Amino acid sequence: QVQLVESGGGSVQAGGTLTLSCVYSGYTYRPSCMGWFRQVSGKEREGVAFVVTGDGKTYYGDSVRGRFTASQDKAKNLVSLQMNGLEPEDTSMYYCAVLPDMCSARRPDQVGYWGQGTQVNVSP
């Protein structure tokens, strides 16, 4: 069965750094696209960062571009999200996800599988 497990969430002060990790399993072939979404209660789920696993190309949401960096370790079936310069507005539940194609569609309704989520809290 397909499984995604996130880790690395926690609480930091504004300006701090956290790194999230997602380990995926249950695939015969490596997923084409791995992504990170976040969602605050009452808000839409927002695409944060994406990695095309074949060539490592990345995509970022406008609100995090320049501060967050997505990467992968194919040998470990792992994708990471390094979050620098965290702001209170980044406080959210962060979800790892598998998407089709080559990250051509980066919307929640295109996600095939979700992780359980990991909470990130950023204080002022």
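**Aromatic pairs and charges over rings**

**View 1. F37 counts as buried, because its relative accessibility is 0%.** Buried here means under 20% relative accessible area, exposed over 50%, and partly exposed in between, computed with a 1.4 Å probe on protein chains only. The model is predicted, so that local features need pLDDT of at least 70 and side-chain atom pairs count only at pLDDT 80 or more, while totals for chains, interfaces and linings use all residues. Residues are numbered from 1 along each chain as its sequence is written, and side-chain values use heavy atoms, with hydrogens and water left out.

**View 2. The model holds 4 aromatic pairs.** The pair of F37 and F50 is edge-to-face, because the ring centres lie 5.3 Å apart and the planes stand at 85°. Rings of Phe, Tyr and Trp (its six-membered ring) pair if their centres lie within 6.5 Å, with planes under 30 degrees apart counted as stacked, over 60 as edge-to-face and the rest as tilted. Since F37 belongs to strand β4 (residues 33-39) and F50 to strand β5 (residues 46-52), the pair ties together parts 13 residues apart in sequence; strands are DSSP runs (E, at least two residues), numbered from the N terminus.

**View 3. Y95 and W114 form an edge-to-face aromatic pair, with 6.1 Å centre to centre and 80° between the planes.** This pair links distant parts of the chain, with Y95 in strand β9 (residues 92-99) and W114 in strand β10 (residues 113-114), 19 residues apart.

**View 4. The charged end of R45 sits over the ring of Y95, 4.0 Å from its centre.** A charge sits over a ring if NZ of Lys or CZ of Arg is within 6 Å of the ring centre and within 35 degrees of the ring normal.

Notes: Helices (H or I, at least four residues) and strands (E, at least two) are DSSP runs, numbered from the N terminus.
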